[in-house]
Each structure stands twice: as structure tokens, then as C-alpha cells.
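Here is a short briefing for a first look at this structure. Start with the model itself, then read the points below.

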Amino acid sequence: PPADAGAPDSGAPRCDREWLCSDRQCGRPVARECPPVDCGTCGAGYTCEEGLGRCEYTGPLWALRVVSARVERCDTSWDSCRNVAPPFCSPTLPDPFVRVNGAITTPAGNRCEGTYDQEVGVLDEPRFATGLVVVLEDDDSPVTNVRSGDVVCRALLRATPAELAAGTKTVACNGGTVTFRFERRR
């Protein structure tokens, strides 16, 4: 018998769902030689981009702004600079700044409360539901435009659609608070 006896015809189209929908999230792929196959539907707030087979978010987008931050213990005792020889560094009041969504605010110099009004991203509601890690820090870096120092505290910013619509939220962590404002963009 021939070597390829019993092997599938190499010219026959592959029409199984796994093959046709391999990297698609939704819709129906176009394959003239195959019967229609449904690759799925998108959830609420999403629309299927048929040509790409991808679910695109069409719900509200919200600009996230850091409004203010406050360090609870307003003294110099926790400053890691105390562990460095005094000629090189002397402890100061905090220089609070906030890290969130890959963005960093400008530090507020030598005070326990900072005001910022700095946009740190435009995000969809599912991202707010999942949560964003917020880190409140004290800037100890002697280098301009480099932010590093003591972590005051970490928190998770989660917001429901009702909280987003309310426009503001304060998250508290063991050592401080950070206040955010939400502005609807779409």
C-alpha cells in the first residue's frame, strides 16, 4: 500500500471549531469551504470586531486623577535615611508621592500631605473592578527626576460604577491615605 494510505487528504479544508476559532474571541470566521462556526460572543460593554474576531470595549472610560495623599505619622523617625551616616543624609519630613497605573506623581517636599491633581491614566470600568495597586512613598532620592524611597503603604484601588459616577474615592492603607478623582471621558 502507498505510504500515505489512511492519512487525511492534505487538500481537504480543516473545518473544526478549534482550528477556525484558534485566536478569535468572538464572531464567525469566514471560510467558504466550511459551514458557519460561532467562536463566541462578547460580554456586556463589549462589541465583537468581526473582522478581527476580537472583543472591543465600548463602555465608559474614566480618567483617573491623584488629588491628594497624606502620611499618617508625620515625623522623621521612620525615614530610612536615619540608617545612613549623618554626613550623607539627615532625616526629614516625608516627601510624599504616589505610584499608580505605571505613573508617578511629583513629590510634595517636606510635608505630610501633598496635593497633586495629576492624571495617571484613562481606564475602562473592568480595570477599576479588577483593581489598581497604589503605593504611597517618601521620596529619598537625591537625584532629580528619580523617584525612590521609603514605602509608606500600599493599597488596592477598586471602584464600582456607582463609585466612579460619584467622582471621588479615598483609599486608606496602614500609614496613609490617597484620594482620587474620576472624570468620565466616554
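Phe128 is buried, because its relative accessible area is 0% (buried means under 20% relative accessible area, exposed over 50%, partly exposed in between, with a 1.4 Å probe and protein chains only). This is a predicted model: local features need pLDDT of at least 70, side-chain atom pairs count only at pLDDT 80 or more, and totals for chains, interfaces and linings use all residues. Residues are numbered from 1 along each chain as its sequence is written, and side-chain values use heavy atoms, without hydrogens and water.

**Aromatic pairs**

- The structure holds two aromatic pairs (ring centres of Phe, Tyr or Trp, the last by its six-membered ring, within 6.5 Å; planes under 30 degrees apart are stacked, over 60 edge-to-face, the rest tilted).
- Tyr46 and Tyr57 form an edge-to-face pair, because their ring centres are 5.2 Å apart and their planes stand at 70 degrees.
- This pair links distant parts of the chain: Tyr46 lies in strand E1 (residues 46–49) and Tyr57 in strand E2 (residues 54–57), eleven residues apart.
- Tyr46 is partly exposed at 30% relative accessibility, whereas Tyr57 is buried at 16%.
- Phe128 and Phe182 also pair edge-to-face, with 5.5 Å from centre to centre and 80 degrees between the planes.
- Distant parts of the chain are linked here too: Phe128 sits in helix H2 (residues 125–130) and Phe182 in strand E10 (residues 176–184), 54 residues apart.
- Phe182 is buried, with a relative accessible area of 5%.

**Around Thr170**

- Thr170 belongs to strand E9 (residues 168–173).
- Thr170 is partly exposed, at a relative accessible area of 46%.
- Beyond its neighbours within four places in sequence, Thr170 is in contact with Thr177, Val178 and Thr179 (contact means heavy atoms within 4.5 Å).
- The side chains of Thr170 and Thr179 make a polar contact at 2.9 Å (N or O atoms within 3.5 Å; within protein, one must be able to donate a hydrogen and the other to accept it, and residues adjacent in sequence count only if both atoms are side-chain atoms).
- Thr170 and Val66 are 104 residues apart in sequence, and their C-alpha atoms are 9.9 Å apart in space.

**The whole chain**

- The protein chain has three helices and ten strands (DSSP runs numbered from the N terminus: helices are H or I with at least four residues, strands are E with at least two).
- Along the sequence, their pattern is α-β-β-β-β-β-β-α-β-β-α-β-β.
- Of the chain's 186 residues, 36% count as buried.
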